[in-house]
Amino acid sequence: MTPFRKFSVAMALCIVATVCAAFTRPIHIVAVGASNTQGWYVGKQGAYPAKLEALLRQKGISASVVNAGIPFDTTAGMLKRLDSDVPKGTDIAILQPGGNDRRFLVTKEQRAANIAAMERRLRDRAIKVIVYDDEIPPQYYAFDFIHLTADGHAFIASQLLPRVLAVIDRKAIVTPPRAR
């Protein structure tokens, strides 16, 4: 093998190793929300962020899902704490705005503006955003009709899984490796 060919092979292997290492680092996800994100009645280990992390690991994906749920919070409160709760290095943020705005008489327009502001702020920081504001079937609510049961948290995690996988796939395709 000629010296040039040896160099070319070595460079190709180095590039492949660098790209593979960049895409195999753990995915960092932060779930922002109120009491249902936090895990009211089921605890943090029973809440959907922990269940989502377990589902991702079952798929062979190294991911950490940080639970940034605060009981009684509104979208205005989430917006205020967004930068501190979603640190640098976060790949994906899940926003689960919940229903406290309605309970605390926040208008639909203000709620929508707060959610849009959170999305914009995160995207400006190159963080992928998933908003989970879906209607949750009534059988997944506890006796208070506000908080979720363990099955409800499992339901949300199962609904989020394909969305997170899609973002991870897009991220791997369009995002160049970060400088370390």
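Two strands pair if DSSP finds at least two bridges between them. Strands are DSSP runs of E, at least two residues, and helices are runs of H or I, at least four residues, both numbered from the N terminus. The model is predicted: local features need pLDDT of at least 70, side-chain atom pairs count only at pLDDT 80 or more, and totals for chains, interfaces and linings use all residues. Residues are numbered from 1 along each chain as its sequence is written, and side-chain values use heavy atoms, without hydrogens and water.

**The sheet.** Four strands form an open sheet in the order β2-β1-β3-β4, with parallel pairing. β2 (63-69) and β4 stand at the edges with a single partner strand each, so one side of each lacks a neighbour in the sheet. Between β3 and β4, which run parallel, there are four bridges. One pairs I92 with K128 in β4.

**Helix α6.** This helix covers residues 108-124. Buried means under 20% relative accessible area, exposed over 50%, and partly exposed in between (1.4 Å probe, protein chains only).

| Side of α6 | Residues | Relative accessible area |
|---|---|---|
| Buried | R111, N114, I115, A117, M118, L122 | under 20% |
| Exposed, other side | K108, E109, R120, D124 | over 50% |

The buried residues of α6 fall within an arc of 155° seen down its axis, so they line one face (directions run from the helix axis to the C-beta atoms). Their cover includes α4 (75-85), β3 (92-96), α5 (100-103) and β4 (128-131). Just after α6, A126 takes a positive phi of about 65°.

Note on methods:
Expected span 1.5 Å × (residues − 1). Contact = heavy atoms within 4.5 Å.
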